[in-house]
Amino acid sequence: MATPQRNTPLKRMRNFYRLVIINEDTYEEVVAFKLNRWIVYVTMSILFVVLVGMSIGLIAFTPLKYYIPGYGVAGKTKEYEVLKIRADSIEHALEIKQQYVDEIERVLKGDVFPLDTTTLDIQNSNKAPVSSKSTRRRR
């Protein structure tokens, strides 16, 4: 009596199967494939690698890469910093000019009180100005 052969996973990988596609209305065989598991695994693996490669290529070599968060050209970050500094300086200059215009507007409306010059303390008015000749050294 013959001993039954064990059906190991390696043998199952090599067993052939038939994949048939049938027209449901006429029960006519449209396509038939003779496959084994090894061919199916290899085909699916190759298909997966090709699709992943195409996706990476599509992202890496087209402008789609700029939609990835954190991705950018190294020179652009320096340019963004310079533009930010310029925008801040322009904003500061605009604030100073707005204060100037507000002060002129207050003067024209008469909201500014006149400066009382009689109460000013002038301490150094009695001293004579220093002449340029006396500051020079003689040799």
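Helices (H or I, at least four residues) and strands (E, at least two) are DSSP runs, numbered from the N terminus. In those terms Asn36 lies in strand E2, and the chain as a whole has 3 helices and 2 strands, which follow the pattern α-β-β-α-α when read along the sequence.

The structure is a predicted model, in which local features need pLDDT of at least 70 and side-chain atom pairs count only at pLDDT 80 or more, while totals for chains, interfaces and linings use all residues. Residues are numbered from 1 along each chain as its sequence is written, and side-chain values use heavy atoms, with hydrogens and water left out.

We can begin with the chain as a whole. Its accessible surface, from the Shrake-Rupley method with a 1.4 Å probe and with only the protein chains shown counting as cover for residues, comes to about 14,300 Å², and 61% of this belongs to carbon and sulfur atoms. Buried residues make up 1% of the 139 residues in the chain, where buried means under 20% relative accessible area, exposed means over 50%, and partly exposed lies in between (1.4 Å probe, protein chains only). Of the contacts in the chain with a separation of 6 or more, 9% are accounted for by residues 24 or more positions apart, a contact being heavy atoms within 4.5 Å.

Leaving aside residues up to four places away in sequence, Asn36 touches Met13, Arg14, Asn15, Phe16 and Tyr17. Phe16 also has a charged residue beside its ring, since Lys34 lies over the face of Phe16 at 5.3 Å from the ring centre; a charge sits over a ring if NZ of Lys or CZ of Arg is within 6 Å of the ring centre and within 35 degrees of the ring normal.

Strand E1 can be followed through Val20, which lies in that strand and counts as partly exposed at 31% relative accessibility. Residues up to four places away in sequence aside, Val20 touches Glu29, Val31 and Ala32. The C-alpha atoms of Val20 and Lys34, which are 14 residues apart along the chain, are separated by 8.7 Å.

The charged side chains come next. A salt bridge is a side-chain nitrogen of Lys or Arg within 4 Å of a carboxyl oxygen of Asp or Glu, and a search of the whole structure finds 3 of them. In one, Glu29 pairs with Arg18, their closest N and O atoms being 3.0 Å apart. This pair links distant parts of the chain, with Glu29 in strand E2 (residues 29-36) and Arg18 in strand E1 (residues 16-22), 11 residues apart. Glu29 is partly exposed, with a relative accessible area of 44%, whereas Arg18 is exposed, with a value of 58%.

Another salt bridge joins the side chains of Arg106 and Glu103 at 3.2 Å, N to O. These two residues are separated by about one helical turn, because they are 3 residues apart in helix H3 (residues 74-109). Arg106 is partly exposed at 37% relative accessible area, and Glu103 is partly exposed at 40%. Lys109 and Glu105 also form a salt bridge, with their closest N and O atoms 3.2 Å apart; being 4 residues apart in helix H3, they too are separated by about one helical turn. Lys109 counts as exposed at 58% relative accessibility, and Glu105 is partly exposed at 38%.

Finally, the surface carries a nonpolar patch of about 1,100 Å², whose members include Phe16, Trp38, Val50 and Met54. Patches are made of residues with over 30% relative accessible area and no salt bridge, with like charges joined within 9 Å and nonpolar side chains (Val, Leu, Ile, Met, Phe, Trp, Tyr) within 5 Å. Helix H2 (residues 37-60) gives the most to the nonpolar patch, with 10 residues. The C-alpha atoms of Trp38 and Arg12, 26 residues apart along the chain, are separated by 9.0 Å.
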